[in-house]
Amino acid sequence: MKNFMARGVQTGVRAFFLSSLLGMAAAFLPVAAQPAMADSVAAGGEESLMGYWLSQDHDGVFKIEKCGATICGRLIGLRYDGTDVPKGHDGKTECNLLMLTDFRPLKDEKNKWEGNILDPDSGHKYDARIWSPQSGVMKLRGYLGLPIFGETQTWTRYSGPPMGPVCKMP
């Protein structure tokens, strides 16, 4: 079995997918925020989700943006040791990896979006929801099948310096 604590940003992703497969409630997907997005953006709406987000454990930065009619998120910053950028199951770098895809508004829950999240180690996609309950805060709930079988993470707007070469967090 892989050592799930081996690589910074992937720790939570792996824990989520492993625990979901075991039927346990757990999820972690690092995401990040951007200083350019003012905290005055109203909580709730699509605009409140756009920008750069810092993961709950502060080991990943994601850029959340419009992708056609949906919202998506790309991993743009990773915390890792050395110079070797973490790679996914396919051997490709995780730098700029599109991990949050096809997020569309939920019909019955105002200001919540539902889509998919990618496990870079297996290539599998899982269900997820995102929403902003207040300015500067984004919630991400990763789950398998039903939202009740998941866990919610709290991400905050990223206000740090730009990412270094090959997505390395400063």
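Select Y52 and K63: Y52 stands opposite K63, a residue of β2. Strands here are DSSP runs of E with at least two residues, numbered from the N terminus.

The model is predicted, so local features need pLDDT of at least 70 and side-chain atom pairs pLDDT 80 or more, while totals for chains, interfaces and linings use all residues. Residues are numbered from 1 along each chain as its sequence is written, and side-chain values use heavy atoms, without hydrogens and water.

Next, colour β2, residues 60-67. Two bridges pair this strand with β1 in the antiparallel sense (pairing requires at least two bridges found by DSSP). Five residues separate β1 and β2 in their hairpin, and H58 in the turn has a positive phi of about 60 degrees.

Now go to the other partner of β1 (residues 51-54): β8, residues 150-157, runs antiparallel to β1 and is joined to it by two bridges. Select W53, which stands opposite R157 in β8.

Show every strand. Eight of them close into a barrel with antiparallel pairing, in the order β1-β2-β3-β4-β5-β6-β7-β8. From one strand to the next the twist averages 35 degrees (axes are lines fitted to C-alpha atoms; angles run from 0 to 180 degrees between N-to-C directions).

Finally, select L146, in the loop between β7 (137-143) and β8.

Terms used:
Helix = DSSP H or I, 4+ residues; strand = E, 2+ residues; numbered from the N terminus.
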